[in-house]
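Let's take a friendly walk through a protein model. Have a look at the picture first, and then read on.

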Amino acid sequence: MSLEQKVMADLKTAMLAKDEAALRGLRAIKAAIILAKTAEGAGGELKEEDEMKMLQKLVKQRKDSLEIFQQQKRTDLAQKEQEEITVIEKFLPKQLDAEELKQILSRIIKETGASSIADMGKVMAIASKELAGRADGKTIGAAVKSLLAP
């Protein structure tokens with residue numbers, strides 16, 4: 001079952017349940033899918049890796065907004081963003097915890113022979129591909145920096 005089919009099925013369920021939070025999140029995913037499918041050069045199809053990137057982007061946007069709303073003490077808007085993040089994350093693979101991420105990155109560092117921050121690019125290139133969908137770039141970058149720091 002494709003992401004679009006899953007979203008449509010969940011959308012129907014959310015409509016029947018009158019679940020406003022789920023509806024907002026699912027409609028955002030649906031809109032992003034339609035935009036991606038109709039984008040120039042997309043050919044009306046989305047690969048699974050493109051779907052994961054799109055979902056990660058939606059979560060990142062909402063986390064950025066959530067942070068801003070929390071700084072401005074807008075708990076009503078922050079709560080809406082958090083609800084949408086929860087809905088969107090259901091469609092992403094399980095995220096790695098800090099320890100799992102550290103183990104995988106340590107292995108990648110050994111394989112690449114990286115020894116300092118100057119080698120971060122090599123590590124990030126491999127890690128970003130290998131961990132796509134299971135950890136965001138910001139988290140990966142911070143972990144790599146801490147592991148390569150003297």
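This report covers a pair of helices and then the pockets.

## About the model

This is a predicted model, where local features need pLDDT of at least 70, side-chain atom pairs count only at pLDDT 80 or more, and totals for chains, interfaces and linings use all residues. Residues are numbered from 1 along each chain as its sequence is written, and side-chain values use heavy atoms, leaving out hydrogens and water.

## Two helices that pack

Helices here are DSSP runs (H or I, at least four residues), numbered from the N terminus. Helix α5 (residues 98-112) packs with helix α6 (residues 120-130) at an angle of about 130 degrees, and their axes are 10 Å apart. Axes are lines fitted to C-alpha atoms over the stretch in contact, with angles from 0 to 180 degrees between N-to-C directions.

The contact (heavy atoms within 4.5 Å) involves Ile104, Leu105, Arg107, Ile108, Ile109 and Thr112 of α5, together with Lys122, Val123, Ile126, Ala127 and Glu130 of α6.

## The pockets

A pocket is an open set of points on a 1 Å grid over the protein atoms alone, where a 1.4 Å probe fits, with protein on both sides within 12 Å along at least five of seven lines; lining residues have an atom within 4 Å of a point. The largest pocket holds about 670 Å³ of space, a volume being the space filled by probe spheres set on the points, which are joined across faces, edges and corners. Its lining has 27 residues, with Gln56, Ala135, Asp136, Gly137 and Lys138 nearest the centre. Helix α3 gives the most to this lining, 11 residues.

The second largest pocket has a volume of about 170 Å³. Here too α3 supplies the largest share of the lining, six residues.
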